[in-house]
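Dear colleague,

Please find below the structure that I am handing over to you. My notes on it follow directly after.

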Amino acid sequence: MTKKIFRSIFIVAVSVLLAAIVIIMGVMYDYFLSVERNQLRTELTLAAQAVESNGLEYLQQVSPDGCRLTWIDQDGAVLFDTQTDAGAMENHAQREEVQQAFQTGEGESSRYSSTLTEKTLYRAVRLSDGTVLRISTSLYSVPVLLLGMLQPICIIFILALVLSIVLARGISRRIVHPLENINFEQPLENNTYEELAPVLTHMEQQRRQIRQQYTELKLRQDEFNVITGGLKEGLVLLNDAGNVVSINPAARRFFQVGNDCVGKDFLTLDRNPELSRAIREAEQSGKSELQLSRDGHEYQFNISRVESGEEARGVAILIFDVTDRLLAEQSRREFTANVSHELKTPLQTIMGSAELLENDMVKPEDRPRFIAHIRSEAARLVTLINDIIRLSQLDENTELPWEMVDLGQAAQAEAETLAQAAEEKHVRLTVCGSARLYAVSQLVHEILYNLCDNAIKYNVTGGSVDVRISETDWAVTVSVADTGVGIPPEHQQRIFERFYRVDKSHSKASGGTGLGLSIVKHAVQYLGGVIRVESTPGAGSTFTVTFHKQ
Ligand code: ADP
């Protein structure tokens, strides 16, 4: 802007200067011409009077300074000339000034020389005898005069040029200075040109509007960040060029990137070809889905095209960790298959025995044995179904009544229930210690029953089972130790799985369903405790359950 103002001022100054020179030169030349004319007139008047009285004699004596006198006869023939031989001169009757003088008594004209370097002024007057006396003088023409004055003109021009540069620079700076120092943060506080007031007012309005919009936008962005930041699912928004617009913390963890990936191409986050293909598919068809395994987890990708009106704006990628769901589905499938199998076996036995009895194919003396077999298999089924019902109750997390439970009493009760089984196996079952715990009584009994039942079932004849209940300031511990067959280390973690048995035939022979320890584990978890097992094959096992006091 400074340059533009400077240039404008400079051009104006130079134009004015040139115009002034031309005008002044013109005026001066005119003035000079009129002075010359007056002088010619005066000199001609004097010369005419002298010729009237002295005739040719005067002309022969006179030597006019810078002027030329010519005496012309009535027919235009030159009678005398102060510079040239009159005889050699052509007839002057047709000369403009001479004609005027013949007609009106006076005449005047001017003519340029052939080279245009000189201008000759003529003035003629008719004398009383009818002859004409003419005076002429030569002046330099305007271009010659200008050429003659070129040096001073140039000096003046250069000086004026320098002055106009300095002034133009100063003025343009002074004009621009207030504009350069406008405070755009506070437009109304500027004390500058009043012509700028409407602009500054408009600017202030826009500034307020922008600030308001920015605050609203920031608020919404913060809300969006808080919402997406709290999401367990990963969320990535891409624009139509495939660049990351937004990525929440869960997605950043998944792709192992920082927040600086915003604005970058999605390929800098992940180069998985399947994922790239799914994104392209969503861009074209509207949505796509994909399942990927990463770091031992299974992830589900739901990709949708984001549209605004008819136009596609980008895609939204939602990432779910579906590992637990898949594992749950898998274990549910396994559980269903196992349950079917476990139910089928006793039912087939019952069906087979019943058919034999029905068709009278059993000897009368064997009938009681068959009937007892049917009854024991049916009892197994009932136990199995009860266990399944209990497990599904625990799975569904149904509300159970909490109360203060005396663990010593509960253990004694279960010991009594299992006394016969222990006696049959010649196992000595003892309970020592006591503690009160805020728990669900039914589950406590469940835990104690199953642990003691297993300790008896998988014991050796003449072995023992010790149930110990102890208490510290922060926890209550129940341990069930036996002197039985023990559990090999590789099975110790798996015995809590549904239908998992170390020795299938032993378990079935002893009426096990394979669900006892699963129920124990679930019940312990429901009560907020932990269970661990220590076992040495051939020496025995100890199951320890710890409940933290609330
Ligand atoms: P089951 O009905 O077969 O007893 P559980 O879930 O109670 O089912 O136990 C799972 C498996 O763990 C049993 O089949 C058995 O092999 C093993 N087990 C459980 N308790 C003991 C124990 N006290 N001593 C040795 N093995 C045990």
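**Hairpin of strands 16 and 17**

Three residues separate strand 16 from strand 17 in a hairpin, and Gly538 in its turn has a positive phi of about 85°. Helices (H or I, at least four residues) and strands (E, at least two) are DSSP runs, numbered from the N terminus. The model is a predicted one: local features need pLDDT of at least 70, side-chain atom pairs count only at pLDDT 80 or more, and totals for chains, interfaces and linings use all residues. Residues are numbered from 1 along each chain as its sequence is written, and side-chain values use heavy atoms, with hydrogens and water left out.

Strand 16 (residues 530-536) pairs with strand 17 (residues 540-548) in the antiparallel sense over seven bridges; two strands pair if DSSP finds at least two bridges between them. Glu534 has Thr542 of strand 17 as its bridge partner. Glu534 belongs to the uncovered face of strand 16, together with Val530, Arg532 and Thr536, while Ile531, Val533 and Ser535 make up the covered face. In a regular strand, side chains alternate between the two faces of the sheet.

The largest pocket has a volume of about 960 Å³. Of its 39 lining residues, Asp453, Asn454, Lys457, Tyr458 and Gly512 are the closest to its centre. Helix 13 (441-457) and strand 17 are among the elements that give two or more residues to this lining, and helix 13 provides the largest share, eight residues. By class, the lining of the largest pocket has 14 nonpolar, 16 polar and nine charged residues. Here Ala, Val, Leu, Ile, Met, Phe, Trp, Tyr, Cys and Pro count as nonpolar, Asp, Glu, Lys and Arg as charged, and the others, Gly among them, as polar.

The second largest pocket holds about 460 Å³ of space. It is lined by 17 residues, of which Ser331, Glu334, Phe496, Glu497 and Arg498 are the closest to its centre. Helix 9 (323-358) and helix 16 are the elements that give two or more residues to this lining. Its residues divide into four nonpolar, six polar and seven charged. Arg498 also lies over the face of Phe335, at 5.1 Å from the ring centre (a charge sits over a ring if NZ of Lys or CZ of Arg is within 6 Å of the ring centre and within 35 degrees of the ring normal).

A pocket is an open set of points on a 1 Å grid over the protein atoms alone, where a 1.4 Å probe fits, with protein on both sides within 12 Å along at least five of seven lines; lining residues have an atom within 4 Å of a point. Grid points are joined across faces, edges and corners, and a volume is the space filled by probe spheres set on the points.

**Aromatic cluster**

Nine aromatic pairs are found in the whole structure; rings of Phe, Tyr and Trp (its six-membered ring) pair if their centres lie within 6.5 Å, and planes under 30 degrees apart count as stacked, over 60 as edge-to-face and the rest as tilted. Phe254 and Tyr299 are edge-to-face because their planes stand at 70°, with the ring centres 4.6 Å apart. This pair links distant parts of the chain, 45 residues apart: Phe254 in helix 7 (residues 249-255) and Tyr299 in strand 9 (residues 297-308). Both Phe254 and Tyr299 are buried (under 20% relative accessible area, with exposed over 50% and partly exposed in between; 1.4 Å probe, protein chains only). Phe254, Phe255, Phe266, Tyr299 and Phe301 form one aromatic cluster.

With kind regards
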